[in-house]
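These are my notes from going through one structure. I took it a topic at a time and wrote down what I looked up.

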Amino acid sequence: MATIRKRRKKDGSFSYMAQIRIAKRGQPDFAESRTFPKKAMAEEWAKRRELELMQPGGILTAKWRGVTMNDAFERYMHEFAQDAGRSKRATIQQLQRFPIAQVKITELGSEQIIEHAVMRRNSGIKPATVNQDIVWIGIILKTAVAAWKMPVNLNDFESAKLLLRSKGLIGKPGSRERRPTENELERIRAYFRRSQRIRPSAIIPMEDIMDFAIASSRRQEEITRLQWSDLDEKCMTCWVRDAKHPRQKWGNHKRFKLTRDAMAIIKRQPRAAGEDRIFPFNGKSIGTRWRAATAATGIDDLRFHDLRHEATSRLFEAGYEIVEVQQFTLHESWEVLKRYTHLRPESLQLR
């Protein structure tokens with residue numbers, strides 16, 4: 001229902017406030033008002049707005065009319081990304097700096113999404129990286145619909161994504177084939193030895209951790225979660241807690257097979273009183289030390305995760321079959337495992 005109220009201003013003239021209030025059973029009342037210098041203008045606006053609000057989704061659209069994509073990013077970070085990793089948070093924070101973040105969420109259409117992708121492409125960004133932007137825009141929009149009941153046009157998003165993929169502006173990353181050479185590994189080992197002599201207080205045994213990653217195929221964070229109580233020396237197995245999984249972040253505990261080299265590295269680790277972890281260090285600190293080592297030794301584009309790739313490839317080169325390699329690496333899919341088998345023919349051990 002709309003009402004028009006006449007108000008006297010300080011200079012003696014009048015203004016007219018049009019107010020609309022709509023009550024719906026089981027929901028808070030919706031109210032909207034606007035002030036005009038003439039009564040006819042107020043009446044005309046009130047009639048038009050009443051018709052707009054009575055349309056399907058009209059009130060919902062009005063409720064979220066001023067909310068921008070940036071507001072949605074902030075809310076998502078607060079409610080759903082408390083435990084998000086560094087990479088995910090960085091992607092969302094970067095999106096907040098682009099023009100698309102200032103678009104009102106109820107007005108976001110395929111045009112703005114395509115413009116964002118084109119802008120990123122024109123700045124030299126690869127399709128796989130642009131795809132990450134689009135993936136996260138989609139996650140935010142779908143969360144807005146499901147969790148916050150925002151009137152978002154998901155059809156426009158899907159149409160934009162389909163066009164971007166067909167034109168090659170977005171795409172999946174190619175499988176990474178980077179493996180360290182023996183020379184690179186020796187240079188990194190030498191760097192860790194020197195830094196340990198210079199700074200004895202730097203207690204992270206990076207040389208052992210690097211070699212353990214290659215011998216065990218464990219990820220950076222997984223290494224720091226291995227526990228003495230989960231180790232079975234007789235069977236040469238250990239449990240890894242919260243192993244990486246595409247859908248299950250916590251509680252995915254799995255037992256894996258240890259190579260002899262991996263077991264030897266574990267056995268020479270000191271056991272601290274009251275500490276059950278075999279490598280009681282911070283995963284982020286390991287990553288920082290690794291990046292410092294590759295930078296100091298002039299080794300380009302070598303990530304700590306590439307050591308897992310190296311470990312998997314060495315297992316195949318030693319003659320293990322896929323089903324056997326999976327007992328070491330814990331890959332979820334054999335198809336995924338295949339792309340890690342960039343083997344060196346000269347290293348293949350014939351049976």
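Two strands pair if DSSP finds at least two bridges between them. I kept in mind throughout that this is a predicted model.

**Entry 1: strands**

Ile4 has Ala18 in S2 as its bridge partner. S1 and S2 make a hairpin with 5 residues between them. In the turn I noted Gly12, with a positive phi of about 95 degrees.

I then looked up the open sheet, which has 3 strands in the order S4-S5-S6 with antiparallel pairing. Which strands stand at the edges? They are strand S4 (231-232) and strand S6 (254-257); each has a single partner strand, so one side of each is left without a neighbour in the sheet. S4 and S5 pair over 2 bridges, in the antiparallel sense. Asp232 stands opposite Thr237 in S5.

**Entry 2: nonpolar cores**

The largest nonpolar core has 36 residues, and the members touching the most others are Phe212, Leu258 and Trp290. I checked which elements give two or more residues to this core: helix H8 (182-198), helix H9 (206-216), strand S5 (237-240), helix H11 (260-267) and helix H12 (283-296). H9 supplies the largest share, 7 residues.

Leaving out residues up to four places away in sequence, Leu258 touches Phe212, Leu231, Met236, Thr237, Cys238, Met263, Ile266 and Phe328. There is also a second, separate core of 32 residues, with Phe73, Ala81, Ile105 and Leu141 among them. As background, nonpolar side chains in soluble globular proteins tend to be buried together.

**Entry 3: aromatic pairs**

I found 7 aromatic pairs in the structure. How are the rings of Tyr76 and Trp136 set to each other? Their centres are 5.9 Å apart and their planes stand at 75 degrees; over 60 counts as edge-to-face, so this pair is edge-to-face. Tyr76 is in helix H3 (residues 69-80) and Trp136 in helix H6 (residues 127-148), so the pair ties together parts 60 residues apart in sequence. Both Tyr76 and Trp136 are buried. Tyr76 and Trp136 also belong to one aromatic cluster with Phe80 and Trp148.

I looked at Tyr320 and Phe328 next. With ring centres 5.4 Å apart and planes at 65 degrees, this pair is edge-to-face too.

Just after H14, Leu330 takes a positive phi of about 65 degrees.

I finished with His331, which sits in the loop between H14 and helix H15 (334-338). Why does His331 count as buried? Its relative accessibility is 6%, and buried means under 20%. Its side chain has a polar contact of 3.2 Å with the side chain of Arg308. A polar contact of 2.8 Å joins the side chains of His331 and Thr329.

Note on methods. Residues numbered from 1 in each chain as written. Predicted model: local features only at pLDDT ≥ 70, side-chain atom pairs only at ≥ 80, totals over all residues. Heavy atoms only, no water. Helix = DSSP H or I, 4+ residues; strand = E, 2+ residues; numbered from the N terminus. Core = buried A, V, L, I, M, F, W, Y, C linked by side-chain atoms within 4.5 Å. Buried < 20%, exposed > 50% of the residue type's maximum accessible area, 1.4 Å probe, protein only. Contact = heavy atoms within 4.5 Å. Polar contact = N/O pair within 3.5 Å; in protein donor to acceptor, adjacent residues only side chain to side chain. Phe/Tyr/Trp six-rings, centres within 6.5 Å; stacked < 30°, edge-to-face > 60°.
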